[in-house]
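Hello,

Here is the structure I promised to pass on to you.

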Amino acid sequence: MLAATGQALSTRSQAQKDYHSVRALSEQLCLPLAIEDYVIQSMPDVSPPKWHLAHTTWFFETFLLAPWLPGYTLFHPQFGYLFNSYYEAVGVRYPRHQRGLISRPTVEEVYRYRYYVDQAMGALLADCSAALWPKLADLLTLGLHHEQQHQELLLMDIKHILATNPLRPVYRPQTPQILTGVAPLPWQTYPAGIREMGWEGPGFHFDNEGPRHRVFLEEYQLAQRLVTNGEYLAFMADDGYARPELWLAEGWSTTQQTHWQAPLYWEQVAGEWWQMTLAGMRQVVEYEPVCHLSYYEADAYARWAGKCLPTEAQWEAAIQGFTLAGNLLDSGVLHPAPAAPGTQQWFGDVWEWTQSAYQPYPGYRPNPGALGEYNGKFMCNQYVLRGGCCVTPADHLRLTYRNFFPASARWPFTGLRLAEDVTS
């Protein structure tokens, strides 16, 4: 369990345990892969698994080892060019859409790179001065959460890579969790009033989660579980993809250009809907949360249902006091699961689209230096998602966590919850 969530890395021994635990998990997630799987880039937004393993290693080398370990020698002088993602302040980088063209370094060499950096990190954590330790602890915590973000992306990308293969390879066999049904959509009303949202207090959080601030919310209602495949099938059966009045203009244009007719990874076989999962092809289960929707599709469904998507302020206000638990990566399911009767479905399963544009909170200031590029510069043309998904590490998530994607993104594990404004 990563001790970095919600608190500082207080001791070096705990830091070393957390470091090796997170780094080991990234490699464990790659164990089911064939060597050929490591190098594929199935679309520009997807990175090859080999690149994820190298980039997360480059992060520790660049921001901790090179500046802070005396005498440290780079593993390879060109790896900074190959494995920098978007940090302009660090230097030029290899084009993102061409990452699948990098046959060298080999997978074996990337693993040697990880071992080399891990050994150096062990020396840094053991030998740094007491005066330097607080700064290193902060950088290390950020680096571990950065790698956890890539663990989630790694599984999203692996799924897309395998789904493009006509053989529909299995990443990891799983037994489907199927209920006999779910309850009718339960709703809860939340009163109007001033609420506070955003991170406050000590402990780790990404800079985009703060500062804490006040918002005023009119009375509203939220569904207490996610929209299911069966409910989405009803939208499809009612010509939801063929009715422009349900769609935002950009969404309709995108749908016409891409010919979307169903969520990503769905296909009809002998008149039945099937979907690609990390366990291979499965028949669509009506009671599971619908997944791999763009913002456009989530918004169109909400309009069809006579509702709307929640704002992120409505969502965060509703989950105050809840324990952060659900179908996350640690469950091992790696697929959205049906809501158990009588339970509320808030965390895990699918990232929930909100209608909130990804913008800075009042008083937001990005971190100084290159690490200030981590979140702030993406606050344009993106929407906020909340709640985590079935491939999010549980100790990486927080109640204030703000994920973000462009409206057209479908390859993440994305779905929706319905909201409704209450009018007098």
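Predicted model: local features only at pLDDT ≥ 70, side-chain atom pairs only at ≥ 80, totals over all residues.

Let's begin with helix H2 (residues 49-68) and helix H5 (residues 133-163). Their axes lie 8 Å apart and the packing angle is about 170°. Angles over 145 degrees count as roughly antiparallel, so that is how H2 and H5 run relative to each other. Where H2 meets H5, the contact is made up of 16 nonpolar, six polar and three charged residues.

Now for the salt bridges: the whole structure has 20 of them. One joins Arg114 to Glu147, with N and O 3.1 Å apart. Arg114 sits in helix H4 (residues 107-127) and Glu147 in helix H5, so this bridge ties together distant parts of the chain, 33 residues apart. Both Arg114 and Glu147 are buried. They also belong to a network of salt bridges that takes in Arg23, Glu27 and Asp118.

Glu312 counts as buried because its relative accessibility is 6%, and Arg386 is buried at 0%.

Finally, take a look at Glu245 and Arg243, whose closest N and O atoms are 2.9 Å apart in a salt bridge. Glu245 has 53% relative accessibility and therefore counts as exposed, while Arg243, at 24%, counts as partly exposed.

Enjoy exploring!

Best wishes

Definitions and conventions:
Residues numbered from 1 in each chain as written. Heavy atoms only, no water. Axes fitted to C-alpha atoms, helices over the stretch in contact; angles between N-to-C directions. Helix = DSSP H or I, 4+ residues; strand = E, 2+ residues; numbered from the N terminus. Parallel < 35°, antiparallel > 145°, perpendicular 65-115°, else oblique. Nonpolar A, V, L, I, M, F, W, Y, C, P; charged D, E, K, R; others polar. Salt bridge = Lys/Arg side-chain N within 4 Å of Asp/Glu carboxyl O. Buried < 20%, exposed > 50% of the residue type's maximum accessible area, 1.4 Å probe, protein only.
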